[in-house]
Amino acid sequence: YLGKLSDYVWDYWLYVAAELKKKHPGLYLRCNSYAPYAEPPSQIKELPDNVAICIAQSTGSSFLPQDPANKLRAMWLPILTSKKLFLWDYYLFYRTGDNPRYPVFFTKHLQEDMQKLNGVCEGKIIEIAAAPDKNKKLRLACPGLTHLLHYWQGKLYWDPDLDRQKMLDEYYELYFGPAKKEMKEFYEFAEDVWMRPESRSITIAGGFLMEKDVDRYFEILKRAREKACQDTVYDRRILQIEEEMQPLK
């Protein structure tokens, strides 16, 4: 599936790249590695030097053996003459509607991936889902659940070798105040659950998430809110996460 239309798409893109080089020799053509043209074309050993590649992936699942992200990088990089690689990342793409909002945290894996990309990748675009509010205006989906990874990703852009545990401990203290211990427990437990090498498709018979995990999520958040004290900014931040996760119940 990932290479079904690659030859067809690249027959056109190679023509465009050649025309672009004639008329605008200083510009690059950014071509996507996506869906049925995610893999390189079969007959090309080297791409033109004015072609950049943008691979669509989800870092949040790229640690799984069946995930194609690492395979695609290994296929594109040897033939990418321009050495201009970009990523289009879906890892914070929380689904809208009735889909349950389970916590997605992978701080260790994200850092390891950013370290691999250092000196290899020109940049990353992160696509984040929007959801309609009660006034039918589009708002950022799950800002409570996504906040930590936004913050951590931003830090990693500047320094992929940052002390992860030191940064996280600072985050828990500044963002959750008296509930820092409980929220550290929440995030670490949630990351352990997400990183299980099981299917992301959850059924009664299997998947990475278990019923008892859901109970523990809410039990930890309840203790955290009690520590934060009602109507404080810390309590409101924890409440936001709790409300976003309600579909899990």
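## Helices on the sheet

Helix α3 (residues 107–117) lies across β2, β3 and β4 and runs at about 145° to β4. Helices (H or I, at least four residues) and strands (E, at least two) are DSSP runs, numbered from the N terminus. Axes are lines fitted to C-alpha atoms, for helices over the stretch in contact, and angles run from 0 to 180 degrees between N-to-C directions. The model is a predicted one, in which local features need pLDDT of at least 70 and side-chain atom pairs count only at pLDDT 80 or more, while totals for chains, interfaces and linings use all residues. Residues are numbered from 1 along each chain as its sequence is written, and side-chain values use heavy atoms, with hydrogens and water left out.

## Overall make-up

The protein has eight helices and six strands. Read from the N terminus, its elements follow the order α-β-β-α-β-α-β-β-β-α-α-α-α-α. Along the principal axes, the C-alpha atoms fill a box of roughly 65 × 40 × 40 Å.

Of the 249 residues, 42% count as buried; buried means under 20% relative accessible area, exposed over 50%, and partly exposed in between (1.4 Å probe, protein chains only). Among contacts (heavy atoms within 4.5 Å) with a separation of 6 or more, 71% are between residues 24 or more positions apart.

## The parallel sheet

An open sheet is built from four strands in the order β1-β2-β3-β4, with parallel pairing. Its edge strands are β1 (29–33) and β4 (121–128), each of which pairs on one side only. Neighbouring strands are turned against each other by 25° on average, direction ignored. Helix α2 (residues 69–76) also packs on this sheet, where α2 touches β1, β2 and β3, and its direction makes about 170° with that of β2. Two strands are taken to pair if DSSP finds at least two bridges between them. Strands of a sheet pair through backbone hydrogen bonds, either parallel or antiparallel.

Strand β2 (residues 51–57) is joined to β3 (residues 85–92) by five bridges, and the two run parallel. Within this pairing, I55 is opposite L87 of β3, and Q57 has D89 of β3 as its bridge partner. β1 and β2 also pair in the parallel sense, over five bridges, with L29 opposite V51 of β2. β2 is mostly covered, as six of its seven residues are buried.

## Salt bridges

A search of the whole structure finds 16 salt bridges, each defined as a side-chain nitrogen of Lys or Arg within 4 Å of a carboxyl oxygen of Asp or Glu. Side chains of opposite charge can pair when their charged atoms come close. One of the bridges joins K21 to D49, with 2.7 Å between the closest N and O atoms. K21 belongs to helix α1 (residues 6–23) and D49 to the loop between β1 and β2, so the pair ties together parts that are 28 residues apart in sequence. Both ends are partly exposed: K21 has a relative accessible area of 42%, and D49 has 40%.

Another salt bridge is made by K184 and D169, whose closest N and O atoms are 3.3 Å apart. It links distant parts of the chain, with K184 in helix α6 (residues 180–194) and D169 in helix α5 (residues 164–176), 15 residues apart. K184 is partly exposed at 27%, as is D169 at 31%. R225 and D235 form a further bridge, with their closest N and O atoms 2.7 Å apart. Here R225 sits in helix α7 (residues 211–228) and D235 in helix α8 (residues 233–244), 10 residues apart. R225 is partly exposed at 25% relative accessibility, whereas D235 is buried at 5%.

## The α4–α5 crossing

The axes of helix α4 (residues 143–158) and helix α5 come within 12 Å and cross at roughly 135°. The two helices are therefore oblique to each other; angles under 35 degrees count as roughly parallel, over 145 as roughly antiparallel, 65 to 115 as roughly perpendicular and the rest as oblique. On the α4 side the contact is made by H147, L148, Y151, W152 and K155, and on the α5 side by R164, M167, L168, E170, Y171 and Y175.

The crossing of α4 and α5 is right-handed. A crossing is left-handed if the near helix is turned anticlockwise from the far one by less than a right angle, and right-handed if clockwise.
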